[in-house]
Amino acid sequence: PLFRSPFTDYIITVAGETSRGVGPRSEEKTIRTDQDVPGAPTITRVDSIGTTALGVSWTSPADPRGKILGYRIVVNVASGGQGRSRRAAAVNSSSMVVLADEDDTFKTIGGLESDTEYSVEMDAETLKGWGERAKHSSIVRTQMIVFGAPEATKVTEINSTALRVSWRSVTADNVTAAPRFYIVFYGREGAATLNIKNLTVCGATQINLTELTPYTYYRINVSSNGYANKTSTVYAWTP
């Protein structure tokens, strides 16, 4: 083609030619080729902002091929992501799409799940449509909600080798959510290390500790979403 680059100014002159040579050139005219879909923007960084948001930064396409009208950011739950909540996994087939203005270079993406891995992609738009898509090189995880310690731990006997540990569910300040899991720490009184049981059933507030030693004094703690904020130690005998 005569003009190889979209949205580019070219200077044109015309001259006649005979066997005796090229004649005088016409007055110069400047024309601009039509726009095309743009090249990909560059995602410079993605950061976790609290428990339910990501901050996305980018630079405009190196090859815009037209006037940039805006940007489209697509956030997906990362395929096979670890630690994500049940609700986040359930919406894995859908994407959150957020639009940004042509002059923007940063956008906060809110309404996400806590403690969940996300991938981020984005593209730019001209009059000809959406262009090449950029994908951020890393998976980013939102922060975990920090809950207080579970309340009112209670231990009841089941038999000589089993105890039932129960507690009241906890909430975090200004968060309408439940802990993703509980951890129960238990062991013989005076033992150097404690056994650990993870309870990942959503909404569960009790667990049975089995294969214990008869007529033994045990100490027990419960924590939510990690090792911090344990309950006060509770002591109990097996029969």
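Colleague: What relative accessible area does Tyr217 have?
Modeller: This is a predicted model, where local features need pLDDT of at least 70 and side-chain atom pairs count only at pLDDT 80 or more, while totals for chains, interfaces and linings use all residues. Residues are numbered from 1 along each chain as its sequence is written, and side-chain values use heavy atoms, without hydrogens and water. Buried means under 20% relative accessible area, exposed over 50%, and partly exposed in between (1.4 Å probe, protein chains only). Tyr217 is partly exposed because its value is 32%.

Colleague: How many degrees lie between the planes of Tyr217 and Tyr235?
Modeller: Rings of Phe, Tyr and Trp (its six-membered ring) pair if their centres lie within 6.5 Å; planes under 30 degrees apart count as stacked, over 60 as edge-to-face, the rest as tilted. The whole structure holds five aromatic pairs. Tyr217 and Tyr235 form a stacked one, with centres 5.5 Å apart and a plane angle of 20 degrees.

Colleague: What accessible area does the nonpolar patch with Trp237 have?
Modeller: Patch members have over 30% relative accessible area and no salt bridge; like charges are joined within 9 Å, nonpolar side chains (Val, Leu, Ile, Met, Phe, Trp, Tyr) within 5 Å. A salt bridge is a side-chain nitrogen of Lys or Arg within 4 Å of a carboxyl oxygen of Asp or Glu. Areas come from the Shrake-Rupley method with a 1.4 Å probe, and for residues only the protein chains shown count as cover. Tyr215, Tyr217, Tyr235 and Trp237 form the surface patch, and together they have about 480 Å².

Colleague: What relative accessibility does Trp237 have?
Modeller: Trp237 lies in strand E20 (residues 234-237). Tyr235 is partly exposed at 40%. Trp237 also counts as partly exposed, at 43%.

Colleague: How far apart in space are Lys230 and Val184?
Modeller: Lys230 sits in the loop between E19 and E20. Lys230 is partly exposed at 38%. In sequence, Lys230 and Val184 are 46 residues apart, but C-alpha to C-alpha the distance is 9.1 Å.

Methods: Helices (H or I, at least four residues) and strands (E, at least two) are DSSP runs, numbered from the N terminus.
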